[in-house]
Amino acid sequence: MADMNGTSAHATRGRLAGKNALITGAAGGIGLETTILFLREGASVLMCDISEPALAKAITKAKETTPHMAGKLETLKCDVSKESDVQAAVEQLDAWGGVDIMFNNAGIMHGDDADAIDTPEKIWDLTQAINVKGVWYGSKHAVISLRKHKKNRGSIINTASVVALVGSATPQLAYTASKGAVLAMTRELAIVHAREGYRFNALCPAPLNTPLLQDWLGDDQAKRHRREVHFPTGRFGEAIELAHAVVFLASDESSFVNGTDFVVDGGMTKAYVTPE
Ligand code: NAD
């Protein structure tokens with residue numbers, strides 16, 4: 001653990017040296033960038049994703065960009081909306097000594113998600129199953145693993161969104177509701193497990209340059225501009241900018257950071273009007 005001066009035996013070996021991490025949605029934008037930074041910081045990483053082809057590409061990129069990794073790296077197909085999949089993924093880390101860091105990051109924003117009138121019930125249910133139940137299952141099995149391995153420290157990071165904090169005028173009601181649930185759930189988990197040493201923080205990204213949003217925006221410049229104009233910086237965020245925040249939340253450097261809505265948004269949610 002880092003001492004109060006921020007120095008530690010890990011300083012030379014990496015900020016996450018010796019830690020075992022499970023990342024869901026690891027083949028996507030934030031998940032893959034976080035995998036790469038975790039590896040560079042000395043962690044072992046199990047990359048979980050629903051898409052096997054995407055995982056195959058992602059592990060190749062992770063290996064290419066981190067040729068000298070100290071930790072282990074594996075992939076596993078896992079649908080976070082299925083508890084048995086999540087349980088199996090977490091239990092795969094038993095062979096490494098159990099989970100230390102759980103990044104419940106997988107999430108969807110469906111193209112048919114709309115307002116209260118037009119959102120189909122099946123899209124509502126699918127979104128909640130992945131974005132909310134997936135985070136519950138991940139949190140649940142992380143706690144089971146931490147207890148099983150008698151750990152007195154663990155970091156669980158759940159990906160929410162700025163739409164859990166501010167309303168979106170372009171409706172995506174199922175997604176917004178799901179991210180609000182992630183925020184509320186994470187806060188309660190943080191309080192309930194604080195004395196066991198298990199920290200829970202919610203990551204709140206603003207719109208990013210990742211496939212999740214960019215595929216949805218496509219070439220529609222007006223749709224794109226409606227969002228960009230809200231950023232004081234005038235730009236979307238990058239997945240790597242989120243990954244750096246996740247490294248901090250995962251590491252012992254954030255040992256007194258618990259139950260936060262950790263906003264990484266370039267100032268977007270604090271803006272009244274933005275520069276011309
Ligand atoms: P992405 O689409 O690039 O990656 C998401 C990954 O999750 C994909 O690889 C996908 O295959 C995987 N996935 C989808 N359903 C799954 C399931 N059922 N089980 C396991 N894996 C599944 O998205 P991203 O931008 O990296 O998003 C990661 C997280 O960040 C999501 O929770 C998203 O809601 C959140 N977020 C993204 C933005 C943004 O603008 N990109 C903004 C705020 C929050």
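## Briefing: fold and ligand shell

The secondary structure of the chain consists of eight helices and seven strands. The radius of gyration is 18 Å, close to the 19 Å that the globule rule gives for 276 residues, so the chain is as compact as a globular protein of that length. This is a predicted model, and the predictor assigns the complex an ipTM of 0.99 and a pTM of 0.95.

**Overall fold**

- Along the principal axes, the C-alpha atoms of the chain fill a box of roughly 50 × 40 × 40 Å.
- Of the 276 residues in the chain, 45% count as buried.
- Among contacts in the chain with a separation of 6 or more, 76% join residues 24 or more positions apart.

**Ligand shell**

- The ligand is surrounded by 31 residues.
- The closest of these residues are Gly25, Gly28, Gly29, Gly107 and Thr210.
- Two helices, helix 1 (29-40) and helix 6 (211-217), each supply at least two residues of the shell.
- Sorted by class, the shell around the ligand holds 17 nonpolar, 12 polar and two charged residues.

**Confidence**

- The mean pLDDT of the chain is 94.
- A pLDDT of 70 or more is reached by 96% of the residues in the chain.
- Over residues 1-9, pLDDT stays under 50.
- For residues 1-9, the model has eight contacts beyond four places in sequence.

Notes. Residues numbered from 1 in each chain as written. Predicted model: local features only at pLDDT ≥ 70, side-chain atom pairs only at ≥ 80, totals over all residues. pLDDT = per-residue confidence, 0-100. Contact = placed C-beta atoms within 7 Å. Near = placed C-beta within 6 Å. Helix = DSSP H or I, 4+ residues; strand = E, 2+ residues; numbered from the N terminus. Nonpolar A, V, L, I, M, F, W, Y, C, P; charged D, E, K, R; others polar. Rg over C-alpha atoms; globule rule 2.2 N^0.38 Å. Buried ≥ 20, exposed ≤ 12 C-beta atoms within 10 Å, placed from the backbone.
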